[in-house]
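Let's take a friendly walk through a protein structure together, one step at a time. Have the sequence and the 3D view ready beside you.

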Amino acid sequence: MLRFIFRRLLQTIPVLLIIATMTFFLMKLAPGGPFDTEKATTPEIKKQLEAHYGLDKSVWAQYGDYMIKLVQGDLGPSFKYAGWEVTELIAGAFPVSLELGCYALAVALTIGMIMGFVAALRPNSATDYVPMSLATLGICLPTFVMGPLLILLFGITLGWFNSSGWFFMSDRVLPALTLGGYYAAYTSRIARTGMMEILSQDFIRTARAKGASEWRVIFKHAFKGAIQPVVTLTAPVTASMVTGSFIVEKIFDIPGMGRFFVTAAFNRDLTLVVGLVLFYATR
Amino acid sequence: MTRALVIVLAFAVLCGCGRRETRVASGNREQILHVNNGTEPANLDPHVVTGVPEHHVIMSLLEGLVSEDPRGITPQPGTAERWELSEDQTVYTFHLRKNARWSNGDPVTAHDFVRTFRRALTPSLASEYAYMLFVMKGAEEFNTGKITDFDQVGVKALDDHTLRVTLNSPTPYFLGLLLHYSWFPLHLPTIEKYGPVYERGNRWTKPGRFVGNGPFALEQWKVNHVIVVKRNTNYWDAANVKLNKIYFYSIESTDTDERAFRSGQLHKTHELPQMKIDTYREKYPHLLRIEPFLGTYFYICNTAKPPLNDKRVRRALAMAIDREAIVKNVTRGGQLPAFHFTPPGTAGYTARARFPYDIEGAKKLLTEAGYPNGKGLPPVEILFNTLESHRAIAETIQEMWKKNVGIDARLLNQEWKVYLDSKKTGNYQVARYGWIGDYPDPNSFLDMWLTGGGNNDSNWSNPEYDRLIREAGRTADLAKRLEVFQQAEAILLDEMPVIPIYFYTRPYAIQPSVKGWYPTILDNHPWHKVWLEEEKEN
């Protein structure tokens, strides 16, 4: 087992190097550099600036310099955010995205499973239609509609929560509901199907025939089987949630990873972009 | 029974939440101002940054020789309590306050300024705004490496509290330049402590390290979220600073910004979404401010490429645009239609030269150029950076050109850096452009069109224009100088390498409890003159 893990880890090294190389050259191909601004500085100063970051060398020399540092674990300084190391920026933003992702996952699983199971117990009744209609609505409503709606209701009209920011525990509620709500809708549909399938199995009929209470049938016998499709879904959902959602972070002004990813590319902040791509690739 | 109990409990919990005290309400009580600064500052080292959001924070942390006037643009005494100007208007002698201190208690001396200017101009630091100091004698030569002895640069500490600055030529807007952060003093011993002084990447601007001489001191910096500054008790005028803290948020989305304002989390938004301006006008006029701003929105023509190498075509394009309709129906933020280039009233200067909105005149010009009713003219391509508001304006102009003079236009949007690259390399016909003055003087708008100027992407060149701008730079007499600018702008408008569209305004929302906040053309508000006061209810 240890050998297997070790081998897999070794295999990731060349993959990461290839990814870093590709990202580096893609960024170099994009027109415009990190120091192009609407207000041009004097050509002399621009030259000094490029000399400082080694941008006056050939692309291959720049690539060589970058890779040598990278192998030593140094992602370099951000071009845009002078004075910040790329590792420092990621170390600051990732815990935020991770925290939001965890809450959102909790929301998605709890609400999703409860709704799905309730719906599965009495198919084609009101307790099925209501949660499933909500789920359809949840899938149809993208986060950029859901977020502002929640803010309008709970932030502005009722004044229970702050409309944006990341200061207090209460600031986690609305973003977690927005991000989690979307996946809760998916989860509920899958949980419903899973539960209905299990409930139609022979061993459930046997359990009922033996006189087990409905409560016991569901939680003791059906539950384990019913959550299996949900568990399968959880892995990709978790991955996409903890890596930060640009839209949710933007709506709620959350200092997470998503915002960096988009702005770094726009700023042609090469070191930050490669750093982020490698970080995502490693996970 | 249980169901009823659950409903009652749920209701009790919900009611228990209740409405919370907003940040604005608690801020008003505790003199804590919450403002959105629009984006994350790249850094807080004035020699490394270039942006306006950085300026807003740095203004609170550092103070230059002169300080902002909350009501206008006339520089007020800052770290210097008074100054004298020599007869020939090239030597300024500043007398620093004896009680000016850094936030760590050290006195602010003239030597600090000399050392700071040296750092700003040292080539290895590659300070992008170093050129702001080029009015100083020898500054440009030192920055470009032509001289290496800093003693030859026109700045000298005569003693601890007297600073002499020698300029290349009379510069009437010099005191205005001093309001820019590139002239603010830095505490060099602190910078030395945390890294090389003359290199980038020094980490002295982190909270707990930053030493400044401004009315506030850095308390907290959460990247992409908030910068908090608190009152600096060592500031020379600390007794008159009323705010205890300022929270600078870096909310980028204008919708998030506006919602935060509406839910009572912000005293002031950075701007307002275009769609919301009318709503505020109708429903909350007391919260809406629309203020003139020192900037021009215009189209730039590539004069090296036919058919725009013909000034008659450029003039025809400019004359066929109904600017009133654009500001009224498209931008809707109270912008002024622009029939000249420099914003009106820039340091007492309003251009006399104008061009008209004249469809018949435009048609005549096109006929003269050989394109009657636009016939034979290949489609003109309008380049703009991807943004909804730029597209709306470009579409409107496209329609006006078609309808008014029969010219076909194609729209091309590019991502910001690609657009900058296309503009720089002359790979465009007509491109959107915007210019915000660095300092309130016509020179800030007119010297950019000098032949080969760093921002003159129009490839336009006119020897007479160049001569006039250089002459204005040498003219000490204020009235004469403005007259020279009048002549220069007349040439610019006659040749039209630029098609002015409107003069910017700044629409934003602000709580009535913010006091000491007045419209200023550069949108800089001296934080130490601002305070919070709850409106008394009748």
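How many residues apart in helix H13 of chain B are B:Glu395 and B:Arg391, and by about what part of the helix are they separated? Keep that question in mind while you find the two residues, and remember that you are looking at a predicted model.

The side chains of B:Glu395 and B:Arg391 meet in a salt bridge, with 3.7 Å from N to O. The answer to the question is that B:Glu395 and B:Arg391 lie 4 residues apart in helix H13 (residues 388-405) of chain B, so about one helical turn separates them. Side chains of opposite charge can pair when their charged atoms come close. B:Glu395 is partly exposed, with a relative accessible area of 38%, and B:Arg391 is also partly exposed, at 26%.

Now stay in chain B and look for another pair. The side chains of B:Asp457 and B:Lys424 form a salt bridge as well, at 3.6 Å from N to O. This pair links distant parts of the chain, since its members are 33 residues apart. B:Asp457 sits in the loop between helix H15 (443-446) and helix H16 (463-474) of chain B, while B:Lys424 belongs to helix H14 (residues 416-424) of chain B. Is B:Asp457 buried or exposed? Its relative accessibility is 8%, so B:Asp457 counts as buried, the limit being under 20%. B:Lys424, by contrast, is partly exposed, with a relative accessible area of 43%.

Over all chains, the structure holds 31 salt bridges.

Next, turn to the place where the two chains meet. Chain A brings 54 residues to the contact, and chain B brings 62 residues. The area buried between chain A and chain B is about 4900 Å², and carbon and sulfur atoms give 53% of it. Three residues, A:Glu38, A:Lys39 and A:Trp160, supply 15% of the area that chain A buries against chain B, more than any other three residues.

What holds charges together across this meeting place? Between chain A and chain B there are 3 salt bridges. One of the salt bridges of A:Glu88 is with B:Lys206, where the closest N and O atoms are 3.6 Å apart. Salt bridges that share partners join A:Glu88, B:Arg203 and B:Lys206 into one network. The interface of chain A and chain B also has 15 residue pairs in polar contact, counting pairs with both residues at pLDDT 80 or more.

Which elements of chain A take part? The ones that give two or more residues to the side touching chain B are helix H2 (43-52), helix H4 (86-121), helix H6 (143-157), helix H11 (246-252) and H12 of chain A. Of these, H6 of chain A gives the most, with 6 residues. By class, the side of chain A that touches chain B has 25 nonpolar, 18 polar and 11 charged residues.

Now zoom in on chain A by itself. The domain assignment divides chain A into domain 1 (2-88 + 261-281) and domain 2 (96-259). The contact between them takes 6 residues from domain 1 of chain A and 5 residues from domain 2 of chain A. The centres of the two domains, taken over C-alpha atoms, are separated by 38 Å. About 480 Å² is buried between domain 1 and domain 2 of chain A, with carbon and sulfur atoms giving 64% of that area. A:Phe261, A:Val262 and A:Tyr280 supply 70% of the area that domain 1 of chain A buries against domain 2 of chain A, more than any other three residues.

How many salt bridges does the rule find across the interface of domain 1 and domain 2 of chain A? The count is 0, but 6 residue pairs are in polar contact there, with both residues at pLDDT 80 or more. On the side of domain 1 of chain A that touches domain 2 of chain A, helix H12 (257-267) and helix H13 (270-282) of chain A give two or more residues each. The residues of that side divide into 5 nonpolar, 1 polar and no charged.

Finish with A:Arg192, in helix H7 (residues 173-199) of chain A. A:Arg192 is buried, with a relative accessible area of 16%. A polar contact of 2.9 Å joins its side chain to that of A:Asp128.

Key. Residues numbered from 1 in each chain as written. Chains lettered and ligands numbered in written order. Heavy atoms only, no water. Domains from an automatic or database assignment. Contact = heavy atoms within 4.5 Å. Buried area = accessible area lost by both parts, 1.4 Å probe. Salt bridge = Lys/Arg side-chain N within 4 Å of Asp/Glu carboxyl O. Polar contact = N/O pair within 3.5 Å; in protein donor to acceptor, adjacent residues only side chain to side chain. Nonpolar A, V, L, I, M, F, W, Y, C, P; charged D, E, K, R; others polar. Buried < 20%, exposed > 50% of the residue type's maximum accessible area, 1.4 Å probe, protein only.
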